[in-house]
Amino acid sequence: MPNDLEIAFRGLLKIVVQEVASELQSREQLLNHMNSEQDSCSEGRLLLRAKEVAERLAISERHLYKMTVDGGLPCVRIGQSVRYRVKAVQDWLREAESTEAPQPRREASVKKKSINNKQPKITRKSKQKKVPAKERSSSRAKHESEQDRPNPFRLLLKKIGVDRDLLGPLTNGELRQIAEVDLPTFNGWMYKGRDMPEVALEKLRKHFSIQE
């Protein structure tokens, strides 16, 4: 039978174990509470940093920067900092979302099939497809005409008497936000010679006239 000392030691050990377990449980509850508060603060913010947006989109920061510079993803500039509005990113995702199923990749299977079938050896010279001189000249003329087409944004600034070089760097996304138009409309006006809605042009004129 256990003596009195052993009984007292067991009782003391039981109390210590209960106190340690209670302290660990309290710490875990405190950490969970702090994490939930941090998440709620992050969700309630209006602007996000580039790293946060890249993590939410599951892409790299370099890819995010390229999308921003190309004008596809709208951003907000605050001094030297670049931030992203949560609602603007969500709207951009809705526009970019496609309901079409991705096309299956068949290049590998076609290549494998061509290897298995014994085909006569084709020389490099016979592989080259001859393009008629008329088609080459028309393609070259089309390319040159696209390069010579004046920049519609520079023409707009010239009409209102604003020097484009004095404005500093501007992304297509910023111009699109000022004009409040969608991406196809803006790209059609900037690169394909299509008309921009007069309301959007007036917003651009008013914005840059005030800046000047």
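Me: Buried means under 20% relative accessible area, exposed over 50%, and partly exposed in between, with a 1.4 Å probe and protein chains only. Which is Leu 12, buried or exposed?

Reply: This is a predicted model, in which local features need pLDDT of at least 70 and side-chain atom pairs count only at pLDDT 80 or more, while totals for chains, interfaces and linings use all residues. Residues are numbered from 1 along each chain as its sequence is written, and side-chain values use heavy atoms, with hydrogens and water left out. Leu 12 has 52% relative accessibility, so Leu 12 counts as exposed.

Me: What accessible area do Leu 12, Val 16, Val 20 and Leu 24 have together?

Reply: Patches join residues with over 30% relative accessible area and no salt bridge: like charges within 9 Å, nonpolar side chains (Val, Leu, Ile, Met, Phe, Trp, Tyr) within 5 Å. A salt bridge puts a side-chain nitrogen of Lys or Arg within 4 Å of a carboxyl oxygen of Asp or Glu. Areas come from the Shrake-Rupley method with a 1.4 Å probe, and for residues only the protein chains shown count as cover. These four residues form a nonpolar surface patch, and its accessible area comes to about 350 Å².

Me: Within what arc do the buried residues of H3 fall?

Reply: Helices (H or I, at least four residues) and strands (E, at least two) are DSSP runs, numbered from the N terminus. In helix H3 (residues 61–69), Leu 64, Met 67 and Thr 68 are buried. They line one face of the helix, because seen down the axis of H3 they fall within an arc, taken from the directions from the helix axis to the C-beta atoms, of 100 degrees.

Me: Which residues does Glu 174 touch, not counting residues up to four places away in sequence?

Reply: Glu 174 sits in helix H9 (residues 172–179) and is buried at 11% relative accessibility. With contact meaning heavy atoms within 4.5 Å, Glu 174 touches Arg 77 and Pro 169.
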